[in-house]
Amino acid sequence: MSDTAMSETVSFSRQGTIGLIKVNNPPVNALSQSVRAGLRDAVERGLSEPDVAALVLICEGNTFIAGADIREFATGLGEPALVPVIDAMETAAKPIVAAIHGTALGGGLEVALGCHYRVAVPTARVGLPEVALGLLPGAGGTQRLPRLVGAQVALDMIVGGGHVPAPKAKELGIIDDIVEGELLDAAVTYAEKLIAEGKGPRPIRDIRPEQVSLSVFDDYEQSIARKQRGFLAPFHIIKSIRAAFELPFEQGMAREQELFAELMASTESKAQQHIFFAEREVAKVPGLPKDTPLRSIKTGAVIGAGTMGGGIAMNFANAGIPVKLLDVSQESLDKGLGIIRRNYENTAKKGRISQDDVERRMALIEPVLSYDDIKDVDIVIEAVFENMEIKKEVFRTLDATCKPGAILATNTSTLNVDEIASATNRPEDVIGMHFFSPANVMRLLENVRGERTANDVIATVMKFSKSLGKVGALVGVCDGFVGNRMLHARTRESAFLVEEGARPEQVDKVFYDFGFPMGPFAMADMAGLDVGYKVRQERRKAGKKEKRDSVWIDRIVEMGRHGQKTHAGIYKYEDGRTPIPDPEIAGIIAQCAKEAGIEQREISDQEILERCLYPMINEGAKILEEGIAARPLDIDIIWINGYGFPAYKGGPMFWADQIGLKTIYDAYLKYAEKFGEHYWKPAPLLEKLAKEGKGFYG
Ligand code: 3H9
């Protein structure tokens with residue numbers, strides 16, 4: 001029988017006694033209004049046709065339903081709501097089989113759980129990832145899944161938000177059967193067999209949840225308390241799953257709805273939804289035609305087997321791309337490879353990869369000593385010492401040896417990419433790829449477009465970032481690019497604040513409470529104070545004088561306290577890791593303040609927050625004005641993935657919009673009056689938007 005349209009996106013047809021409900025809503029078959037309405041009507045149709053014995057729900061395209069249509073959240077979900085649609089499926093008098101391929105996620109898995117049976121292809125994955133959007137499964141997921149898999153697995157799956165591969169899902173009882181061959185045929189055969197065996201509907205709501213001690217939920221909450229600090233959704237999810245064990249199904253559903261509505265209205269969820277779309281938008285470069293051809297990257301090379309180079313090479317190996325690691329001496333190569341192996345062995349010990357994976361990945365990294373050995377690779381990433389002359393020399397050599405069309409990337413974090421490119425006769429092939437340390441762990445990649453970088457090089461590197469498992473954000477050339485340039489503003493103010501009377505531990509606590517994993521001083525101690533010291537000394541030598549120079553950290557370095565690695569820095573470290581405020585340092589700070597003629601005073605947490613974070617926003621505004629970042633979302637993605645900005649605040653620019661640009665602008669005027677305009681001049685864009693009552697996002 002031919003397909004009858006039930007809505008724009010759902011059709012109904014028959015195959016013998018089986019009614020087929022097909023969803024076709026590209027790209028991911030999200031549960032838009034027309035899908036919900038179509039599902040409702042198609043089920044009704046199947047139930048009303050006397051010679052239909054069972055129904056099969058299947059999707060066209062790459063995937064089963066991947067969830068609610070997140071784009072509809074902003075405008076409000078129209079009728080019918082998803083819950084009654086799923087209720088109608090679950091309480092239907094004829095069995096319904098969900099046929100799953102691709103991913104059944106969020107509302108998609110909830111629909112499948114509303115069906116009476118679930119079959120899937122071996123490559124399918126299922127999950128309830130709403131937590132990443134600051135939400136909980138709001139269409140019965142927290143009530144039905146625990147009835148199938150028990151409290152512990154449900155907690156892990158819904159709080160963790162991960163995808164479960166079909167074979168594992170079958171083991172857990174989420175999937176009834178893994179089917180080979182054509183999914184539609186297999187699902188129809190499965191449904192026919194059900195009928196032949198006289199099997200009818202099997203609503204999950206009728207399953208009695210396992211008996212559990214309610215302390216499971218308290219323990220779980222405690223176990224995630226630190227890691228999930230500041231997020232709302234994980235804790236609401238625990239409450240909602242708990243309801244499945246404490247309340248009858250209908251009341252549990254009502255509790256889920258209540259908690260879902262609270263999350264939906266929260267700024268945390270809005271921020272996380274913003275990030276979801278921003279992470280996808282960031283890959284699309286404004287002004288770069290969609291059909292820009294890509295260069296093929298099948299092999300790579302990394303120059304420099306130090307910490308950074310080794311980490312970058314690991315990214316290639318993790319992605320299955322052969323990479324040559326070049327250094328000047330066999331000793332450096334051996335050392336670098338030794339560290340890489342140790343890293344992999346440690347990951348294997350934690351059970352995240354197998355010993356085979358370790359060997360496979362090691363085999364993809366080939367140590368080489370000569371540039372001649374890398375002449376045929378598709379991309380080279382230079383990660384040598386941060387010195388312009390050395391880098392230029394490397395690029396001159398690359399220019400002379402690499403095949404035409406090879407992408408020549410530099411991992412510089414501070415130097416001018418255009419100047420590096422000028423050492424070659426092919427600046428159009430040169431680009432920056434700024435990895436963050438540790439390069440094998442951190443997701444962020446700032447891809448730096450030079451003045452002459454070719455469009456296809458940009459497009460290729462942006463796509464390649466994803467292949468390496470990174471989030472690539474495109475930025476322009478300037479001192480510090482986006483991330484470090486904004487960080488610099490924050491570092492400066494935090495040092496001033498301490499000089500004026502704030503305690504380092506007070507500043508750090510303000511940052512921690514805001515949601516950063518740690519504050520600037522604990523971070524500085526961890527990174528090593530000597531690095532910044534050297535940079536400042538170089539700048540002073542070069543005659544670059546700061547308007548106001550606070551020297552207390554330099555004093556600390558000069559005492560041989562370089563941070564955690566010397567067991568002492570701004571803090572002392574008795575166990576090597578835990579920062580402990582040190583009265584000796586308080587004395588040094590007070591002394592430095594006195595020498596600078598600064599009278600120390602009590603400083604409020606609010607002043608710390610404003611003086612550290614607002615200058616970052618102001619710098620962000622300048623970065624946008626200058627076109628260094630194309631959009632505020634690029635900045636947000638950089639700060640979330642590279643600098644620990646709390647995801648539930650959506651990134652600095654999104655956060656700024658939430659508190660209001662006028663508030664920031666007014667604070668700028670207040671501080672300008674107190675400290676002068678030098679560091680407190682609002683960026684014209686900030687001023688303009690504040691006066692217009694607008695935000696960075698409109
Ligand atoms: C939910 O279900 C709530 C319910 O519990 C309760 C409701 C009452 N909606 O990621 P990709 C777009 S919450 C709208 O690049 P991939 C995406 O923006 C939802 N749009 O592809 C992109 O658009 P564009 C729970 C969506 O192959 C395009 O599709 N579900 C949605 O790398 C391709 O996406 C989730 O959280 C959506 N739900 O990965 C699953 N999903 O091309 C979220 C995607 O214009 N989705 N788009 O940039 C995913 O995890 C991945 O998209 C998926 C495919 C794994 C499915």
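Guide: Happy to. A term to begin with: two strands pair if DSSP finds at least two bridges between them. Helices (H or I, at least four residues) and strands (E, at least two) are DSSP runs, numbered from the N terminus. This is a predicted model, where local features need pLDDT of at least 70 and side-chain atom pairs count only at pLDDT 80 or more, while totals for chains, interfaces and linings use all residues. Residues are numbered from 1 along each chain as its sequence is written, and side-chain values use heavy atoms, with hydrogens and water left out.

Visitor: Good. Which residue stands opposite Arg 125?

Guide: Pro 165 in β9 does. Strand β8 (residues 125-127) and β9 run antiparallel and are joined by 2 bridges.

Visitor: And what is the order of strands in that open sheet?

Guide: The order is β6-β8-β9, with mixed pairing. Contact here means heavy atoms within 4.5 Å.

Visitor: New topic: how is the protein divided into domains?

Guide: There is domain 1 (4-264), domain 2 (300-479) and domain 3 (484-627 + 660-692). Those bounds come from an automatic or database domain assignment. The centres of domain 2 and domain 3, taken over C-alpha atoms, are separated by 32 Å.

Visitor: Which residues touch the most other members in the largest nonpolar core?

Guide: Ile 374, Leu 398, Trp 552, Trp 639 and Phe 696, out of 99 residues in that core. A nonpolar core is a set of buried Ala, Val, Leu, Ile, Met, Phe, Trp, Tyr and Cys residues joined through side-chain atoms within 4.5 Å. Buried means under 20% relative accessible area, exposed over 50%, and partly exposed in between (1.4 Å probe, protein chains only).

Visitor: Which helix gives the most to this core?

Guide: Helix α24 (residues 605-625), with 10 residues. Domain 2 and domain 3 each supply at least three residues to the core.

Visitor: What does Leu 398 touch?

Guide: Leaving out residues up to four places away in sequence, Leu 398 touches Ile 303, Tyr 371, Ile 374, Val 380, Leu 408 and Arg 426. Another core lies apart from the largest one; it has 89 residues, including Phe 12 and Phe 245.

Visitor: What does Leu 408 stand opposite?

Guide: Val 430 in β16. Strand β15 (residues 407-410) runs parallel to β16, and 3 bridges join them.

Visitor: Why is β16 largely enclosed?

Guide: Because 6 of the 6 residues of β16 (residues 430-435) are buried. Val 430, Gly 432 and His 434 point one way, and Ile 431, Met 433 and Phe 435 the other. In a regular strand the side chains alternate between the two faces of the sheet.

Visitor: One last thing: is Asp 582 buried or exposed?

Guide: Asp 582 counts as buried, because its relative accessibility is 11%. You'll find Asp 582 in the loop between α22 (552-558) and α23 (583-595). Not counting residues up to four places away in sequence, Asp 582 touches Arg 561 and Lys 572.
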